Structure formats: structure tokens, C-alpha cells
Amino acid sequence: MFILIVGAGRVGAAVAKAARAAGHEVSVLDEDPLSHERLDAGTGISWEDWEGLFTVGTALETEALIQAGIERADVFIASTDGDNTNLIISQIAKKRFGVPTVIARVMDPARATWYREQGLQTISPAEHAIEMFEHALGLVAG
Amino acid sequence: MYVIIAGAGKVGRNLARELISKGHEVTLIEVDRERYLAMEEVFEHAVQYGDATELWVLERAGIQRADLVIAVTGDDEDNMLVCQVAKEKYLCERIIARVNNPRNHEHFKLLGIQPAVSATDLILRLIEHEVPRYGLVHLLALEEERLEIIELEVSAESPVAGVRVSEIRLPEGSLIISVLRNGSGFVPKADTIIEAGDEVLLVLDPGLEEAITQFFSANGRKASA
């Protein structure tokens, strides 16, 4: 599969490396050139030598998305640090470029829930953290 | 009318002031604490502190009963999101979004966020009006309806100068709807003769400007005459 990940923060970079290790073709887009270091860290090989792709640009720039390979992406992951950016670019990936699988990281559980109901796949780290705290405190069964 | 305005920057606060002076009820939402406090001195209860992209903040502002939601923050993603949830989640009938970066205009369109207003585009239109390139001015674009109204000046070299309206073979999808001559306008009839110096208003299908410009300036007219 060809996986395009926008936002090489902690989550984005870790998912990128895991996907590459599993043999997928992975392209990463981030506005910060230094975020590249996260892709090199802990693998003992540079991201490029590992045949990973990296593009510097912002997620709303159509040219940057195209350069990063969105037109042939099977999976699009929006994992920048902005919920609204992730929600908007996911919709662009879906509606404009027709990427088959689109997943957005949305910290705010309320927005994550509503957009999920609209058919967008969202992952909310805060939602998971809340659940885990509730379990740890014995507030919910199971 | 009840209006919610997201973003109390220069645009947002001046809009709020104008709307309030016209008797409308307004809630201004501002995420920056200091700016909020400054605005509170002016607008009192009409300004609320919070992130307008958070659903509970919009609900607290009473989005369910808003007649109009205007998103004018400095961030295009935020403006798109506020308008999208206003329209699709809270079924607000009228939205207006500000486009900060004109390159993002296409994204607003893609997500059905209309009207989306860009200061850059507005100023470009004004420049066009002041310094008309080929004498063509965009007066109105009805994007949903897929129609445009433009204004063209008829030069002496134009092939339509001195020609009867019924004999002008305009490109398919365009129509002359009005003629401005010596400072006053009228609706032309089939036997009206278009004169050099006339300004004509045309309604057209989008994408025909080039063809219309060619048509009006065709055949040997000097490029910048």
C-alpha cells in the first residue's frame, strides 16, 4: 500500500516507521524540515535510505499534497497538531483526491464524534485517554 | 437577526459594531484572552471568550437560534470548520466565511462553504475595475447558480461597434442584458445599435470570459489599444 502521512509529530512519525517496517510505501508531509529527524530516530538508518519519502510543505497546499503523492495514495493519515487542519485536509483527501481510506487525528472528542457520524474515520487520543482513566478509576465496568 | 461572529480581529469587531448599530443581536467569540478582555470593555456581554471551533462554545453562544454565522478568524481551517458545523450540524441557513489565503478558496468551495470572501480577491476586482484589462470587469459571480455578470467597454475598433444587437452573434451561453451610454443605462432591443464607447453588461455561463473578450476585441484590434 501507499500511505501518505501529513504531520510528522510523535504519532505521525511512529506510524510512518511502523508502516514502513511492515513493508508499505510511506510518504510523509510536514511543514517543518526538522521533523525529518523523528523519522530517522531509533531505526539505525536514514529515512531516505529506508526508501521513505519526505516532503516539506503545509497540508493545505495542493501542490505539496500532489508532490507527496496524494494522487496515488491508498491511505491518507492526517496527524498534524491541529484538529481543524486534520478535519479539513481529510475531507480534501477524500472529496477532491478520492483517497480510499482516510483517517484523521482529532484530539477533541466532541468534534471527533460528530465528524465520525458524518462518515469520516477519526481517532481521538483524548477520547482513549479518558476511557483509560475511567477504567483505572473503576468508573466503568470491564 | 441574531448573528454569531467567530474572531474579534479588525474584521470581526468592526462587523459587530456595524451590525449592533443596525439593531441586530450579535455575539462575538474570541479565543485570545487579552483581546477578549479588551473587546469586553467595548462590547460587554456581546463578546464571549472561547474557541469558536469547539462545539460547546458555539452552543453556549446560542448557535441553534443563530440566523447568520460569520467566521472571520485569521485561520482558514478554523473558518472552514466553524462554517461547516454551523451549516451541517446546527442547520444554520446563512454562513459567511473569510478566506485569508486566496489559494485556499478552492477548499472552501469544495466543502460547500459559500459565500467565502477574500480581501485579496476583492482588491483584485477593484484593481480590475480601476484598470480594466481588455476593458472587462467582473460585476457579480453567482457561483451556486453558475452565472456571471460582466461589464465590457466597446472600443472603436471592436467588431460590434456600429452593429445591431440582433446581428451580433455572441458565443453560446452569453447575453447582453444592459447598455450604459452617456451615464445612463437601458435594456437593449433587437434593433439597438451598439456604439463605440458603450459599456455593455453581459450575463454568461462561467468560463466564457476569454471567449467574450476575444469576441469583443477580435480581428486586428491592437492588443492594448
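Visitor: Noted. What kind of model is this, and how are things numbered?

Guide: This is a predicted model, in which local features need pLDDT of at least 70 and side-chain atom pairs count only at pLDDT 80 or more, while totals for chains, interfaces and linings use all residues. Residues are numbered from 1 along each chain as its sequence is written, and chains are lettered from A and ligands numbered from 1 in the order in which they are written.

Visitor: Stepping back, how many helices and strands are in chain B?

Guide: Chain B has seven helices and 13 strands.

Visitor: In what order do the strands of the six-stranded open sheet come?

Guide: The order is E3-E2-E1-E4-E5-E6 in chain B, and the pairing is parallel. Strand E3 (47-49) and strand E6 (116-118) of chain B form the edges, each pairing on one side only. From one strand to the next, the twist averages 20 degrees. Angles here run from 0 to 180 degrees between N-to-C directions, with axes fitted to C-alpha atoms, for helices over the stretch in contact.

Visitor: How many bridges join E1 to E4 in chain B?

Guide: Strand E1 (residues 2-6) and strand E4 (residues 68-71) of chain B run parallel and are joined by four bridges. B:Ala6 has B:Ala71 of E4(B) opposite.

Visitor: Which strands does helix H1 of chain B lie across?

Guide: Helix H1 (residues 10-21) of chain B lies across E1, strand E2 (25-30), E4 and strand E5 (94-99) of chain B, at about 165 degrees to E2(B). Helix H2 (residues 33-43) of chain B also packs on the sheet, where H2 touches E2 and E3 of chain B and makes about 155 degrees with the direction of E3(B).

Visitor: What pattern does chain A follow along the sequence?

Guide: Chain A has six helices and six strands, and they follow the pattern β-α-β-α-β-α-β-α-β-α-β-α. Its radius of gyration is 16 Å, close to the 14 Å that the globule rule gives for 142 residues, so chain A is as compact as a globular protein of that length. The radius is taken over C-alpha atoms, and the rule is 2.2 Å times the number of residues to the power 0.38.

Visitor: What is the radius of gyration of chain B, then?

Guide: Chain B has 23 Å, whereas a compact globule of 225 residues would be near 17 Å. The C-alpha trace of chain B spans about 65 × 30 × 30 Å along its principal axes.

Visitor: Where do the two chains meet, and how many residues are in contact?

Guide: There are 14 residues of chain B in contact with 14 residues of chain A (C-beta atoms, placed from the backbone, within 7 Å). On the side of chain B that touches chain A, helix H3 (55-60), H4 and helix H5 (105-110) of chain B each give two or more residues. H4(B) gives the most, with five residues.

Visitor: At what angle do H4 of chain A and H4 of chain B cross?

Guide: Helix H4 (residues 83-95) of chain A and helix H4 (residues 76-88) of chain B cross at roughly 70 degrees, and their axes come within 9 Å. That makes H4(A) roughly perpendicular to H4(B). Angles under 35 degrees count as roughly parallel, over 145 as roughly antiparallel, 65 to 115 as roughly perpendicular and the rest as oblique.

Visitor: Which residues meet there?

Guide: A:Asn84, A:Thr85, A:Leu87 and A:Ile88 in H4(A) meet B:Glu77, B:Asp78, B:Met80 and B:Leu81 in H4(B).

Notes. Two strands pair if DSSP finds at least two bridges between them.
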